[in-house]
Amino acid sequence: MQTLAFWVLFVAFVGAFAAQVATRVRLIAAAPGQFALDGFPGRLQRFVVDVVLQVRTIRERPIVGVAHAFVFWGFLAFGGYTLVECLSGLGIVDLTGTRWFWAYRIILIPFATAVLGGILLLVVRRAVVRPSSLGTTVSVESIVIALFIATLMVTFLLGFNLDEDTIAGQVNWWVHMAVILAFLALIPASKHLHLLLSPVTVFLKSLELGRVPNLDFEKEEVGLETVKDLPKKTVLDAFTCVECGRCEVNCPAFGAGKELNPKTLILQAQEALLAGDKDRKLGAVFSEKVLWQCTTCGACENQCPVGIEHTPMIIGARRGLVSNGEAPEYLGAMYNHLDRRKNIWGLGYDQRQKFVTSATLETFDPAKHDVLVWLGCAGAFEADFQKSLRSLFDILRAKRVRFGVLSKEQCTGDVAKRTGNEYMFQELAQANIEELKAAGPKKILTSCPHCVKTIGEDYRRFGYDVEVVHSSVFVAELLRGDAASTAAPESVTFHDPCYLGRYAGKVDEPRELLSKFGGDVREPERNRDNPFCCGAGGGLLFADKEEEPGSRISDVRFKQLTATGAETVVTACPFCSIMLKGAAQTSATSSPGSPGSNVQFVDLMTFVRDRHAIAKSPDHPIS
Amino acid sequence: MKIAVCLKQVPTRDWQPRLDDAKTWVREQDATFEMNEPDAYALEEGLRLKEQHGGEVVVCSAGPARVAQVLREALARGADRAIHVEGGPFAGAGSTDAFVVATALAEAMTSEQFDLVLTGLQSDDQGFGQTGVVLAEKLGLPHATIVMEVQATPPALRVKRELEGGWFQWVSMPLPAVLTIQSGINQLRYATLKGIMAAKKKEIRSVAPSAAPVVKITIASLYAPEKTKKTHLVEGAPAAAAKELVRLLREEARVI
Amino acid sequence: MILVVAEQRGGKLNRATWESIAAAQQLAAGQPVTVAVVGAGVASVAAELAAAQVQEVVTIDAPALDPYTPDGFTAALAQAIDELAPSTVILPHTYQTRDFAPKLAARLDRALVTDVTAIKGLRAEGSGLGVVFVRPMFQGKLTADVVPQGPAPHVITTQIGSFRADQVVRGSAAAPVRALTVTIDAASIRQKPEAPFQEARQAVDLSQAERIVSVGRGIKEQGKLPLAQQLADALHAELAASRPICDAGWLPMERQVGSSGQTVAPKLYLALGISGAIQHLVGMKGSQTIVAINKDPDAPIFEVAAYGIVGDLFDIVPAMIEALKSPTS
């Protein structure tokens with residue numbers, strides 16, 4: 001009798017579970033594209049570290065992370081227990097009396113205790129503490145699930161005291177099993193689907209941050225236009241989201257009060273997929289305006305504990321808009337500049353030559369030179385950043401590094417790629433690759449982190465593989481053996497460029513250089529591999545014209561940097577420098593006398609050079 | 001509306017020109033080429049008018065094979081088809097004068113019976129500013145030049161001309177007509193991926209000019225002007241320097 | 001005989017005509033020069049022109065020729081040139097001339113050289129044929145010596161400011177004025193022009209301004225802005241600013257020049273206390289003549305300026321305003 005009842009419950013709830021999971025799996029299967037499986041060892045390692053050992057979840061929010069880890073490990077540990085009880089309840093086989101099962105239960109006791117403690121902490125956090133990242137209203141579903149988990153643990157522990165032949169024991173068992181089955185049925189339609197999906201999603205996540213595949217023009221690919229265009233990984237992502245809000249809390253646009261919210265984007269995609277609106281335009285699903293507020297800093301994707309990749313979705317949707325002529329005006333003008341002048345400013349190419357001549361740069365020759373210096377759009381045309389490059393040249397020459405530059409450089413196409421103009425990007429990339437192949441460098445040195453990512457990673461997909469290194473890393477290595485400076489320390493703060501600190505993971509080398517040359521480094525609240533973006537990326541360098549809510553991202557970051565009390569802000573990216581100096585000017589003009597109105601800016605290369613005994617001497621030899 | 005836009009392919013605007021051996025033209029082998037900027041604005045205006053009134057935009061250009069590049073660019077931005085006048089005087093490198101171009105274009109365009117012909121007010125290379133107006137005369141159509149705004153209500157046309165010193169004038173005339181368009185009157189659209197893909201399937205019809213051209217202008221010599229582009233820093237005490245600057249702006253630069 | 005076609009509007013002579021007369025006199029080298037005036041009711045303009053040392057002033061006066069239309073002027077001048085048979089026709093390179101001169105040349109099937117800055121290779125006979133005309137090409141990056149081909153007349157337009165109006169040789173007595181009869185079929189004039197107007201200054205449109213005075217952080221405080229405004233007024237220029245000034249609210253956003261503001265290309269761009277950061281530069285690099293006044297000799301703005309003064313704008317600007325008050329020499 002009881003067995004029959006259990007069967008009914010079992011079939012009903014498991015059926016409900018299966019049906020809902022099937023809907024989502026069908027949607028994933030129907031989505032275009034394929035899952036990437038390259039770099040298997042790396043993926044495996046990440047899986048073990050981030051999923052099994054829960055390192056990522058613990059690192060960003062230690063207490064919460066540990067509590068969650070307890071719940072997770074407990075969940076895994078209880079797997080066998082649940083299976084045995086179900087088999088017994090279904091009358092298939094009864095292993096509950098065996099010795100090993102009894103031992104198993106004993107081992108589970110500390111797990112159950114840990115889970116109880118963990119879940120209580122999490123419930124209190126969600127219902128009482130109420131951090132903003134979890135939203136303004138308390139999720140009823142979360143409380144219900146928490147109560148379920150607590151009930152499961154309590155009933156399990158009670159099972160030691162209650163004899164299974166007693167009424168109390170029976171009720172206890174039924175409560176336990178009913179809750180498990182109810183839980184099972186609730187999983188697919190809630191964020192708890194991550195229980196099933198997140199290990200898969202984490203495994204399938206690209207090893208490269210912000211990986212956006214090339215469009216294949218032969219196949220007439222134009223980007224993501226409608227819901228049905230969302231690729232497999234994105235659909236999987238949409239169903240994996242646990243709504244933890246780490247992406248939201250770390251997003252600079254969100255932090256500056258703009259409408260963009262990466263968490264909302266993922267949930268909007270989920271909603272649209274479940275609603276079956278296959279032909280609904282993504283510009284409507286996400287609200288087009290919001291898509292253009294992303295700086296592609298990668299914080300969302302980098303922070304996500306369940307393997308969601310926000311970047312390909314955002315850039316993919318941008319492509320869909322751009323391919324149809326719906327890019328915002330300021331980007332359209334920039335695309336015309338790239339088209340006609342091959343640089344983002346629309347400036348004439350002879351201006352680059354003026355710099356090359358005045359800095360006495362040689363054309364790269366693999367027989368003569370160790371390294372090719374890539375100037376980039378800023379290096380070629382931006383007078384301020386050229387000062388930084390001159391400092392770099394002084395350092396290289398002082399250390400007798402032989403270097404040259406390309407005679408013809410076009411923009412790497414970074415901005416075109418990140419804003420969704422894939423055609424422009426590929427045109428520029430192909431042209432540059434041709435020039436680079438002809439020049440034949442073994443190592444490319446550049447001071448622009450965007451160029452590092454684009455040439456180093458994006459060009460690799462066209463088959464061009466060469467070592468690209470940022471000047472901070474190269475110079476740190478170069479000067480490692482040199483004596484430290486004896487100058488009096490100066491308080492500095494370093495703004496990690498997103499594309500250097502987060503994308504390339506290079507955070508120690510700039511600090512090494514600063515400390516070595518007299519910098520007393522003060523860290524701002526967001527730093528190292530999780531900096532708060534300066535606001536230039538993703539085409540936003542050009543965007544100020546638009547009416548936007550909230551403040552400028554660069555103003556927010558400027559306040560964070562000046563809050564350190566440092567006299568000098570050191571940058572290592574031309575665009576960070578432009579944005580932050582602009583923020584400083586705004587601050588100085590609008591509110592003179594405010595903290596930070598006297599803050600100095602210096603590029604890392606200039607900082608080092610001005611304190612390096614040989615490099616700063618005007619008599620050092622020019623190679 | 002059946003709209004024609006006449007385009008010229010010119011050496012890139014910011015290219016520092018190098019002279020050929022004869023010193024009567026530039027070294028085209030060293031140059032990269034692009035669509036003449038005022039023509040780009042004319043094209044944009046044509047595309048907007050098509051969006052407003054329906055019809056088609058046909059782009060026309062006279063020149064050697066490389067001219068197909070600007071025709072493709074125009075097709076990628078939304079023009080429907082192209083006419084490439086090539087061969088004869090347009091075969092090789094070198095400059096061609098407005099009369100030769102306008103005559104050849106007129107010949108290729110007459111049978112099409114366009115409602116409106118647009119072109120840029122002058123070219124970025126030679127800059128004579130004649131082709132559009134001569135074309136109007138050859139086609140027997142009324143025209144207006146340096147147009148800032150176009151109001152087309154077929155069969156009527158009303159355009160805003162730019163005059164000296166911040167003055168403007170509206171002029172009406174019947175369609176069909178020829179207009180030369182001023183730069184900067186609209187926001188140029190960029191070539192979208194879909195546009196570029198579609199352009200591959202659009203027609204570029206090749207036409208050879210019939211009559212032997214009568215050249216009206218020859219360039220005897222081309223050379224760099226004596227003044228270089230260095231910044232003239234005015235030295236001296238503030239009052240004297242200010243006075244000298246004003247004098248230079250009046251007499252040398254002639255901007256006051 | 002060299003024919004100069006004068007320009008007038010509403011009975012007021014366009015001063016650029018004198019420059020064309022100077023050019024004609026140079027080209028003619030003693031041979032006759034005739035001046036023609038086209039329009040309706042041009043007698044007083046003709047009388048004014050008669051002061052030059054010319055053979056005669058002819059009026060082509062007909063009601064259909066006012067207001068100016070390219071159809072009307074082409075028809076009238078074609079007839080006049082047919083009758084007068086000059087070897088060269090010279091006009092000032094004005095907006096109006098640019099509108100009809102190519103049509104006239106095409107009608108006559110004769111060569112037209114526009115925007116001439118100098119004349120070379122004059123032959124003694126002074127007919128003007130076989131002469132070389134100098135004009136800019138490639139936006140002033142190169143200069144061309146151009147030779148018109150084919151039979152006379154050749155049509156030339158002179159660049160405004162290239163020939164000196166003050167070098168016109170005046171006649172000892174007023175030249176004779178006579179009327180030239182032309183037949184204009186008013187119905188054949190297809191253009192219907194309305195009265196010219198100046199844009200109402202409701203909104204600031206820097207993109208249309210011919211002259212701009214732009215202020216940057218060098219102006220230091222909002223209270224000092226009137227000085228820049230005075231300079232702008234003295235130059236009949238629009239006031240503009242770089243981003244920090246507009247961000248601080250000292251000037252409205254429509255006056256911001258730069259990649260996040262307006263893109264401008266005036267004849268004159270005067271940058272006061274602006275460093276020339278790239279985001280500002282891309283908004284004004286198309287200006288024809290850039291003048292920079294800045295304390296910092298290394299400011300990037302000097303890279304693109306044609307003229308500059310390294311110094312304190314608070315000393316220089318008042319002196320400039322004074323200098324602008326006194327008329328040209």
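Q: Hi! Which residue does F168(B) stand opposite in β14(C)?
A: F168(B) stands opposite F197(C) in β14(C). This is a predicted model, in which local features need pLDDT of at least 70, side-chain atom pairs count only at pLDDT 80 or more, and totals for chains, interfaces and linings use all residues. Residues are numbered from 1 along each chain as its sequence is written, while chains are lettered from A and ligands numbered from 1 in the order in which they are written.

Q: In what sense do β9(B) and β14(C) pair?
A: β9(B) and β14(C), residues 197–198, pair in the antiparallel sense over 2 bridges. Two strands pair if DSSP finds at least two bridges between them. Helices (H or I, at least four residues) and strands (E, at least two) are DSSP runs, numbered from the N terminus.

Q: OK, and how many residues of chain B are in contact with chain C?
A: 62 residues of chain B are in contact with 63 residues of chain C. Two residues are in contact if their C-beta atoms, placed from the backbone, lie within 7 Å.

Q: Which element gives the most to that side of chain B?
A: α6(B) gives the most there, with 10 residues. Other elements that give two or more include β7 (143–153) and β9 (167–174).

Q: And what classes of residue are on the side of chain B that touches chain C?
A: That side of chain B has 37 nonpolar, 15 polar and 10 charged residues. Ala, Val, Leu, Ile, Met, Phe, Trp, Tyr, Cys and Pro count as nonpolar, Asp, Glu, Lys and Arg as charged, and the others, Gly among them, as polar.

Q: Back to α6(B): at what angle does it pack with α9(C)?
A: α6(B), residues 238–251, and α9(C), residues 313–325, pack at an angle of about 50°, with their axes 8 Å apart. That angle makes α6(B) oblique to α9(C). Angles under 35 degrees count as roughly parallel, over 145 as roughly antiparallel, 65 to 115 as roughly perpendicular and the rest as oblique. The axes are lines fitted to C-alpha atoms, for helices over the stretch in contact, and angles run from 0 to 180 degrees between N-to-C directions.

Q: Which residues of α6(B) and α9(C) meet?
A: From α6(B), they include P238(B), A242(B) and L245(B), and from α9(C) they include I316(C), A319(C) and L324(C). By class, this contact has 11 nonpolar, no polar and 2 charged residues.

Q: Switching to chain A: how many of its residues are in contact with chain B?
A: 18 residues of chain A are in contact with 12 residues of chain B. α17(A) gives the most to the chain A side, with 7 residues. By class, that side divides into 5 nonpolar, 6 polar and 7 charged.

Q: What domains does the assignment give for chain A?
A: Chain A has domain 1 (2–204), domain 2 (227–326), domain 3 (333–478) and domain 4 (490–611). Such bounds come from an automatic or database domain assignment.

Q: How far apart do the C-alpha centres of domain 2 and domain 3 of chain A lie?
A: Those centres lie 31 Å apart. There, 6 residues of domain 2 of chain A are in contact with 5 residues of domain 3 of chain A.

Q: Last one: in what sense do β1(A) and β3(A) pair?
A: β1(A), residues 371–374, and β3(A), residues 443–446, pair in the parallel sense over 3 bridges. V373(A) has L445(A) in β3(A) as its bridge partner. β3(A) also pairs in the parallel sense with β4(A), residues 467–470, over 4 bridges, and K443(A) has E467(A) in β4(A) as its bridge partner.
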